[in-house]
Amino acid sequence: MSAAPISSGRIDLTWTDNAADETGYRIERSPNGSTEWSEVGTAAPNAESYSDTGLSCGSTYYYRARAYRAGDGQ
């Protein structure tokens, strides 16, 4: 995953879609990269980008995109 700061309140994320049968992607953010992950949005199946907005300037954010399938329970 790559992250590009676009403005003081926006980061654009990009990744490679390696899933073949996903329902979509859950985009999660953490303040430290190891705990406190929270879902900040979702992306459509086969998506390879997401824009996170409303961020605080000078803060550090860690991201992950997790493919999911309907009925997985996650």
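## Two strands side by side

Strands β1 and β2 pair in the antiparallel sense, with five bridges between them. A strand here is a DSSP run of E with at least two residues, numbered from the N terminus, and two strands pair if DSSP finds at least two bridges between them. As one example, Pro-5 has Ile-11 in β2 as its bridge partner. In general, strands of a sheet pair through backbone hydrogen bonds, either parallel or antiparallel.

Before going on, keep in mind that this is a predicted model: local features need pLDDT of at least 70, side-chain atom pairs count only at pLDDT 80 or more, and totals for chains, interfaces and linings use all residues. Residues are numbered from 1 along each chain as its sequence is written, and side-chain values use heavy atoms, with hydrogens and water left out.

## The sheets

β1 and β2 belong to an open sheet of three strands, ordered β1-β2-β5, with antiparallel pairing. β1 (2–7) and β5 (49–53) stand at the edges with a single partner strand each, so one side of each has no neighbour in the sheet. On average, neighbouring strands of this sheet are turned by 20° against each other, ignoring direction. For such angles, axes are lines fitted to C-alpha atoms (for helices over the stretch in contact), and angles run from 0 to 180 degrees between N-to-C directions.

Another open sheet has three strands in the order β4-β3-β6, and its pairing is antiparallel too. Its edges are β4 (38–43) and β6, each with a single partner strand, so one side of each is left without a neighbour in the sheet. β3 and β4 run antiparallel and are joined by five bridges; Glu-28 has Glu-39 in β4 as its bridge partner.

## Charged pairs

Side chains of opposite charge can pair when their charged atoms come close. Let's call it a salt bridge when a side-chain nitrogen of Lys or Arg is within 4 Å of a carboxyl oxygen of Asp or Glu. The count by this rule is six salt bridges. One of them links Asp-21 and Arg-69, at 2.9 Å from N to O. Asp-21 sits in the loop between β2 (10–14) and β3, and Arg-69 in the segment after β6 (62–68), so this pair ties together parts that are 48 residues apart in sequence.

Another joins Arg-66 to Glu-28, with the closest N and O atoms 3.2 Å apart. Arg-66 is in strand β6 and Glu-28 in strand β3, so the pair ties together parts 38 residues apart in sequence. Through shared partners, salt bridges join Glu-28, Arg-64 and Arg-66 into one network. Glu-28 counts as buried because its relative accessibility is 8% (buried means under 20% relative accessible area, exposed over 50%, partly exposed in between, with a 1.4 Å probe and protein chains only). Arg-66 is partly exposed, at 34%.

## A hidden serine

Where is Ser-30? Look in strand β3 (residues 24–30). Ser-30 is buried, with a relative accessible area of 1%. Leaving aside neighbours within four places in sequence, Ser-30 is in contact (heavy atoms within 4.5 Å) with Thr-35, Glu-36, Trp-37, Thr-60, Tyr-61 and Tyr-62.

A polar atom of the Ser-30 side chain lies 2.9 Å from the backbone nitrogen of Gly-33. The backbone oxygen of Thr-35 is 2.6 Å from a polar atom of that side chain.

Terms used
Helices (H or I, at least four residues) and strands (E, at least two) are DSSP runs, numbered from the N terminus. A polar contact is a pair of N or O atoms within 3.5 Å; within protein, one must be able to donate a hydrogen and the other to accept it, and residues adjacent in sequence count only if both atoms are side-chain atoms.
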